[in-house]
Amino acid sequence: METKNKKHVAVCGGGLVGAMMACYLAKRGYKVDIYERRSDIRLMEVVRGRSINLALSCRGREALRGVGLEDEISKNGIPMGARMIHDLNGQRRPIPYGTKDQYIMSIDRRLLNEALLTAAEKYPSVRIFFSHKLLSCDFEKGEAEFCNDKGDTLRIQVDLIIGADGAYSALRRQMMKLRLFDYEQTYIPHGYMELNIPPNSNNEFAMETNYLHIWPRNEFMMIALPNLDKSFTTTLFMPFEIFEGIDTEEKLMKFFEERFPDAIKLLGAEELKKTFFTSKALPMVSIKCKPYHVGGKSVIIGDAAHSMVPFYGQGMNCGLEDCIVLNEMLEKYNDDLAKALPEYTKMRHPDATAMCDLAMYNYIEMRSHVNSKLFLLRKKVDNILHMLFPRTWVPLYTMVAFTRTRYHQCISRREWQDKIINQGITMSTVGGGVGLILGAYLLHKSGGLSPVYDFLEDSVNKVQGWLKL
Ligand SMILES: Cc1cc2nc3c(=O)[nH]c(=O)nc-3n(C[C@H](O)[C@H](O)[C@H](O)COP(=O)(O)OP(=O)(O)OC[C@H]3O[C@@H](n4cnc5c(N)ncnc54)[C@H](O)[C@@H]3O)c2cc1C
Ligand SMILES: COc1ccc2c(c1)CN(c1nc(C(=O)N(C)c3cc(Cl)c(F)cc3C(=O)O)c(Cl)s1)C2
């Protein structure tokens, strides 16, 4: 692909979204220089960072498909066709995500990042500068300044500076100096800590493999995703003050015996103690900002533009979908940045902020009153209504994880569904009430079990049978 009349772009951040965007831009014939603060993770023994694995769903897979990487990544992913709910007495109950072809995938974060960096590097017009940290930039001149691990500074001039430098983005910090730039951030009182469920003594998975394991305990929660090495990366979510209050091994074991008794054997008591007292609980922040662009000179994508709490497993999926949308805008406006970038903000901001809100909403839901019984019931009702009314009742998580329905439309449909179900509940309550009064009257008049009463009792039993309550 000719690059003579195409743009020269600097992508700050060689994480999942930056490397993905570099592939899309290179496919368009752009000259792309990636500046990544860390050294080359492909050469590192251990890569410290956030969750070791992630749930890849429809939006992320579509982005990978767009650059020909879906098959390579999927073959190294572990399909999860259902959630496995662990309740307090150790009972495990599966709840399918949908039909058998509706599954999400557990993907190793490092493997995904390495594959995306290697794919980007294959394009002759892409260069990657590791150990280069963005310090500042001048949007008017299209200039950016970096420092390398030797402390040298480097100044470059390009047509477009893209910030894919994550939740604590340096490029976004530069944008915050500009007038009319809106910004809000919220740290939640919960932290997360990664634990590990190793393979069992036969070197097999210690739990059912193709499931997203969940221990919902209202204000506490654990989630475990399978790894290729037959372990499960297990993330414990708790308020920081609870983490801090567990300062002895006795307190830790008492806590797990009360809240996650079945997990002790799976985690291994000694390993649990060792990991818990050598790790720090990490924060989770929700960040919304606007606009994502500065004229035709710069744009932020991924967590740099919208960081969300992980309670929908959509942060990466959303960031990868940003790449599809930005590419569509460049296509639509024939690479005219002065038109494409403002359109990108206009198109993407409502959806990205909707997903931030959905993730926060689910965090508050899960934290306040979702234990395993209620989690099970809600998902079952969702699935039954979807079976009965497949075109009108699409569960929210299905729209989010299994379609490319725009995120803000997922919310408007949820509000419509809530209205329907609330009206349904009201009508059935009223209807039920009228039915009962009528039934009682007929019972009284006929002196025997009235047909209405039989019908009512029969239909409630049927629904209960369906719900297996
Ligand atoms: C506990 C947890 C669980 C999660 N689970 C899921 C999940 O199941 N599914 C999902 O879709 N998402 C999940 N996420 C969200 C996901 O991790 C993020 O949305 C995703 O990593 C964002 O990618 P990014 O490339 O935008 O940012 P990052 O992955 O943060 O990458 C930013 C890159 O920029 C580099 N950088 C930073 N500053 C500079 C600088 N100044 N100069 C140069 N380079 C810089 C960094 O080194 C990094 O390589 C989870 C997040 C957490 C915390
Ligand atoms: C590595 O750390 C993490 C941390 C959190 C998550 C993930 C990985 C992956 N996550 C996914 N969430 C959904 C989802 O849509 N919802 C509503 C759910 C939300 C919660 Cl909080 C939950 F526990 C189950 C479901 C569920 O439905 O299974 C998926 Cl679909 S995948 C959350």
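## Backbone geometry in the strand loops

At 13% relative accessibility, Ser-131 is classed as buried, a label that applies under 20% relative accessible area, with exposed meaning over 50% and partly exposed lying in between (1.4 Å probe, protein chains only). The structure is a predicted model, in which local features need pLDDT of at least 70, side-chain atom pairs count only at pLDDT 80 or more, and totals for chains, interfaces and linings use all residues. Residues are numbered from 1 along each chain as its sequence is written, chains are lettered from A and ligands numbered from 1 in the order in which they are written, and side-chain values use heavy atoms, without hydrogens and water.

Ser-131 has a positive phi of about 50° although it is not a glycine, and its place is the loop between strand S8 (126–129) and strand S9 (132–138). Strands (E, at least two residues) and helices (H or I, at least four) are DSSP runs, numbered from the N terminus. A further loop, between strand S17 (282–290) and strand S18 (293–294), holds Pro-291. This proline is joined to Lys-290 by a cis peptide bond, with omega about -5°.

Asn-334 is situated in the loop between helix H10 (315–332) and H11. Its phi is near 50°, a positive value in a residue other than glycine. With a relative accessible area of 64%, Asn-334 is exposed.

Asp-336 caps the N-terminal end of H11, with a side-chain oxygen 3.1 Å from the backbone nitrogen of Ala-338. H11 comprises 33 residues (337–369) and should span 48 Å at 1.5 Å a residue; its end C-alpha atoms are 47 Å apart, which agrees. The expected span is 1.5 Å times one less than the number of residues. H11 bends by about 40° at Arg-348, and Pro-350 follows within four residues; the bend is the angle between axes fitted to the seven residues ending at a position and the seven starting there.

Polar contacts with ligand 1 (pairs of N or O atoms within 3.5 Å) include backbone atoms of the protein. An oxygen atom of ligand 1 is 3.0 Å from a polar backbone atom of Val-17, while nitrogen atoms of the ligand are 3.1 Å from such an atom of Arg-37 and 3.2 Å from one of Gly-313. Taken alone, ligand 1 exposes 1,000 Å², and the protein buries 91% of that; these accessible areas come from the Shrake-Rupley method with a 1.4 Å probe.

## Surroundings of ligand 2

Ligand 2 is surrounded by 19 residues, the closest being Arg-83, Tyr-97, Ile-223, Pro-310 and Tyr-312. By class, this shell has 14 nonpolar, four polar and one charged residues.

A polar backbone atom of Tyr-312 is 3.5 Å from a nitrogen atom of the ligand. Ligand 2 exposes 610 Å² when taken alone, and the protein buries 96% of that area.

Key: Polar contact = N/O pair within 3.5 Å; in protein donor to acceptor, adjacent residues only side chain to side chain. Near = heavy atom within 4 Å. Nonpolar A, V, L, I, M, F, W, Y, C, P; charged D, E, K, R; others polar.
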